[in-house]
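Reader: Please take me through one part of this model closely. I would like to hear about the aromatic rings and how they pair.

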Amino acid sequence: MTFDEYQRQALTTAHNHPDDLMDKTIWAMGVAGEAGEVLEKWKKIVAYKDGHISDDDKAELKKELGDVVWYIAVLAHSLGLTFDEVMELNVQKLKDRQNRGVIKGKGDNR
């Protein structure tokens, strides 16, 4: 499955509101909220399981990561962006940082 194929399928499950700004706002907040759920699960692994990641933990993280991806896909679409072009630009940006030797920090500062 390509990123764009995923995006098309994800959009079939998106509930749209009459207000386009409301959609964009909900989806942007959803990215942060779901990323927070990933971090909450990770915190529990580190704090209460001494960093041991069980198969159940992996399954739960997989679900939450999928939710993050879903929100990114629908938010990107609402902005007129394909998922493929978002990913391609990201790889180009990271390669540029790597080539300049700034992959670990202040890469966008030239």
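Author: What follows is a look at the aromatic pairs and the core beside them. This is a predicted model, where local features need pLDDT of at least 70, side-chain atom pairs count only at pLDDT 80 or more, and totals for chains, interfaces and linings use all residues. Residues are numbered from 1 along each chain as its sequence is written, and side-chain values use heavy atoms, without hydrogens and water.

Rings of Phe, Tyr and Trp (its six-membered ring) pair if their centres lie within 6.5 Å; planes under 30 degrees apart are stacked, over 60 edge-to-face, the rest tilted. The count is three aromatic pairs. The rings of Phe3 and Phe83 have centres 5.3 Å apart and planes at 55°, so this pair is tilted. Phe3 sits in helix 1 (residues 3-11) and Phe83 in helix 4 (residues 83-100), 80 residues apart. Helices here are DSSP runs (H or I, at least four residues), numbered from the N terminus. Phe3 is partly exposed, at 41% relative accessible area. Phe83 is buried, at 3%. Buried means under 20%, exposed over 50%, partly exposed in between (1.4 Å probe, protein chains only).

The rings of Trp70 and Tyr71 have centres 4.9 Å apart and planes at 90°, so that pair is edge-to-face. Trp70 and Tyr71 are both buried. Phe3, Tyr6 and Phe83 form one aromatic cluster.

Now the core. A nonpolar core joins buried Ala, Val, Leu, Ile, Met, Phe, Trp, Tyr and Cys residues through side-chain atoms within 4.5 Å. The largest has 10 residues, including Trp27, Trp70, Tyr71 and Phe83. Helix 3 gives the largest share, five residues.

Key. Helix = DSSP H or I, 4+ residues; strand = E, 2+ residues; numbered from the N terminus.
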